[in-house]
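Colleague: I have not seen this structure before. Please show it, and then I will ask about the terms used for it.

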Amino acid sequence: MSVDMKKMDVHPPRPEMRPSRLSWITRIYIPMILKGMLISLREFMRKPVTIQYPEQKPKVSERFRGEHRLTKDAEGHMKCVACYMCATACPAHCINIEAQAAPPEWDGRDKIPSVFEIDMLKCIYCGYCVEACPKEAIEMTNKVPKVYQTRQEFIYGLNKLLNN
Amino acid sequence: MKQVNLKIDGKDVTVPADWTVIKACHQNDVDVPHYCYHPDLSIAGNCRICMVGVKGMPRPVVACAQPVAEGMEVSTTGKDVEEARKGVMEFLLINHPLDCPECDQSGECKLQDYSYDHGRDHGRFHEEKVRKSKATMGPHVKYWGSRCIVCTRCVRFTEEVSGGGELGVIYRGDRSEIALFPGKNLDNPLSMNNVDICPVGALVSSDFLFQSRVWHLHSNPSVCADCSVGCNSRVDLDAKNQIKRIVPRQNDAVNKSWMCDHGRLSFDYVHENRLQKPKVHGKDATWKEARRAALDLLSAPGSVALISAWNTNEAMQSIKNFLSSENPSTRIFGYGNTVEADLVFPGFTISGDKNPNCAGMKQVLGIGDANASLKALAAEKDSIGCLLLVNNIPNFQITAELKSILDRSQNVVLLDFATGDLLRYGNVAVALPTLTTFEKSGSFVNRTGLTQTFDAVMEPVTYGMPETEIVAALRGDRVAVGNQR
């Protein structure tokens with residue numbers, strides 16, 4: 001399909017987008033270079049603020065939203081009832097749940113997840129899953145998200161989340 | 001029937017004199033909450049949520065048990081009515097376990113809906129809740145006693161529609177619950193209707209149990225193909241294009257609100273053992289190659305077309321038109337599943353004719369009895385040049401008659417969606433993949449002569465095409481489409 005260029009609406013650049021005229025002192029560059037080198041020199045003397053991630057881990061606040069954890073009740077059973085509330089609330093669609101019937105010896109429990117996966121690459125760590133959970137079965141630790149070699153390793157399964 | 005005039009929320013309406021107030025309201029798009037009322041069951045009047053105000057009455061009345069009268073003035077809103085509903089909701093939730101996260105009904109639960117609309121935002125009940133039994137009622141139905149509100153819809157269903165009377169109410173007061181009569185089991189072919197009519201999560205389907213949350217499903221209307229009744233159905237699919245369940249749609253002219261268990265559960269064949277691509281002499285081929293091979297074979301003299309009663313009117317007509325123009329000497333015969341006796345219940349009949357479109361076959365192809373037609377062909381002894389076999393019957397097993405026909409045909413061109421017995425049986429030269437009734441649109445004529453159209457409810461799971469498109473491809477109209485799919 002050909003496009004008729006004459007009919008296309010071409011706008012002139014807006015006035016604020018045009019480069020303003022520089023003063024002569026800026027145009028000779030040397031004072032500005034000196035100024036920049038002074039800043040570099042000052043920062044060179046200071047203690048660095050960066051850390052060697054992932055070998056070094058940053059210190060984070062108690063309320064930091066890091067990797068997820070699935071909690072357990074007093075008997076050591078997972079609290080999750082596979083209600084899909086977290087998966088429903090998740091804006092990144094990173095939670096995949098499949099449900100199954102709970103073992104008969106778990107008193108008062110009907111449904112547990114057989115698959116519970118969080119794709120840590122898709123997750124935006126917003127904490128909506130924690131907010132949506134009616135059983136306080138999912139919470140966020142202050143563990144900083146880890147780094148792996150393959151995509152598959154970023155998908156955390158049931159075991160990993162329960163022991164996180 | 002004599003008509004009466006009444007006012008509902010200030011709107012003048014005219015309804016037949018034998019209607020109840022709730023029916024008059026629902027027919028005039030005025031919503032009245034209800035649990036125990038069901039349009040196709042008798043009136044129980046025990047849930048008390050359908051309270052409406054009637055001018056001249058000292059207190060709200062239950063709309064489901066109140067007959068309409070001339071000059072009646074009904075109000076479905078107002079302080080009295082709202083207070084009554086709020087009270088009813090609070091009592092219903094006293095012993096309810098509120099296990100919505102685990103409950104399959106949540107998302108389509110009337111308790112949730114009406115609690116949101118009419119209930120209070122917190123409970124005032126601090127005492128211990130009554131815990132009731134959990135049971136397996138039958139092969140397809142499970143029972144969670146604590147969730148039950150004892151509306152007795154299921155009890156009335158088993159008495160009035162399925163007729164077995166398996167269910168009853170035991171104990172009194174807040175301990176009352178639904179139970180099976182001793183020695184009985186809810187195993188009739190209509191048992192899963194109890195799951196549908198249960199307004200809460202007390203009766204749940206063991207086939208859908210924990211499969212999905214209902215808000216993750218999307219629904220499309222369809223027509224059941226499993227017998228000649230042609231129940232109107234709703235197919236629920238998940239995001240992965242998998243059918244999760246089939247439930248009835250109300251149509252008073254066909255199936256009221258009911259559907260048999262067989263029709264609900266027979267959808268596995270959509271996802272299993274499908275013929276993915278065209279095959280020529282047992283090898284995968286492109287549509288272009290398969291078309292050429294099929295056209296060569298179909299022009300043979302002494303050809304016969306054998307069309308099953310599972311095909312849509314459109315498929316039958318298009319094949320008939322194609323054959324009359326390409327090879328007019330081809331004779332057309334029909335066949336189908338064997339016809340058994342009808343299963344008759346007090347409120348529902350399951351047809352013994354397990355073909356959806358025998359009546360359509362009579363209208364389109366002029367074949368009155370599909371299996372008699374097959375017998376007539378089987379009785380002949382002449383060799384058949386090419387047999388065009390349009391099957392589309394799920395889980396089809398070759399009968400002795402069909403076997404004899406297959407044996408004396410030199411070539412078989414098969415149109416089917418499954419890799420079943422027919423494909424494995426020796427002399428299928430060309431097999432063209434079709435689609436199941438869930439994946440294509442068309443129409444069936446049910447046994448009362450009602451033509452019902454339906455649309456595809458899902459994306460095709462194979463590279464198959466509906467028969468109408470296959471015929472178009474054979475004619476050369478749309479070869480390129482099939483080639484790439």
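Colleague: Where in chain A is Ile28(A) placed?

Modeller: Ile28(A) sits in the loop between helix 1 (24-27) and helix 2 (30-45) of chain A; helices are DSSP runs of H or I with at least four residues, numbered from the N terminus. This is a predicted model, in which local features need pLDDT of at least 70 and side-chain atom pairs count only at pLDDT 80 or more, while totals for chains, interfaces and linings use all residues. Residues are numbered from 1 along each chain as its sequence is written, chains are lettered from A and ligands numbered from 1 in the order in which they are written, and side-chain values use heavy atoms, leaving out hydrogens and water.

Colleague: Why is Ile28(A) called partly exposed?

Modeller: The relative accessible area of Ile28(A) is 44%. Buried means under 20%, exposed over 50%, and partly exposed in between (1.4 Å probe, protein chains only), so Ile28(A) counts as partly exposed.

Colleague: What makes Arg85(B) buried?

Modeller: Arg85(B), in helix 2 (residues 79-94) of chain B, has a relative accessible area of 2%, and is therefore called buried.

Colleague: Why are helix 8 and helix 14 of chain B called roughly perpendicular?

Modeller: The axes of helix 8 (residues 287-298) of chain B and helix 14 (residues 467-475) of chain B cross at roughly 80° and come within 9 Å. Axes are lines fitted to C-alpha atoms, for helices over the stretch in contact (heavy atoms within 4.5 Å), and angles run from 0 to 180 degrees between N-to-C directions. Angles of 65 to 115 degrees count as roughly perpendicular, so helix 8 and helix 14 of chain B are given that name.

Conventions. Helix = DSSP H or I, 4+ residues; strand = E, 2+ residues; numbered from the N terminus. Parallel < 35°, antiparallel > 145°, perpendicular 65-115°, else oblique.
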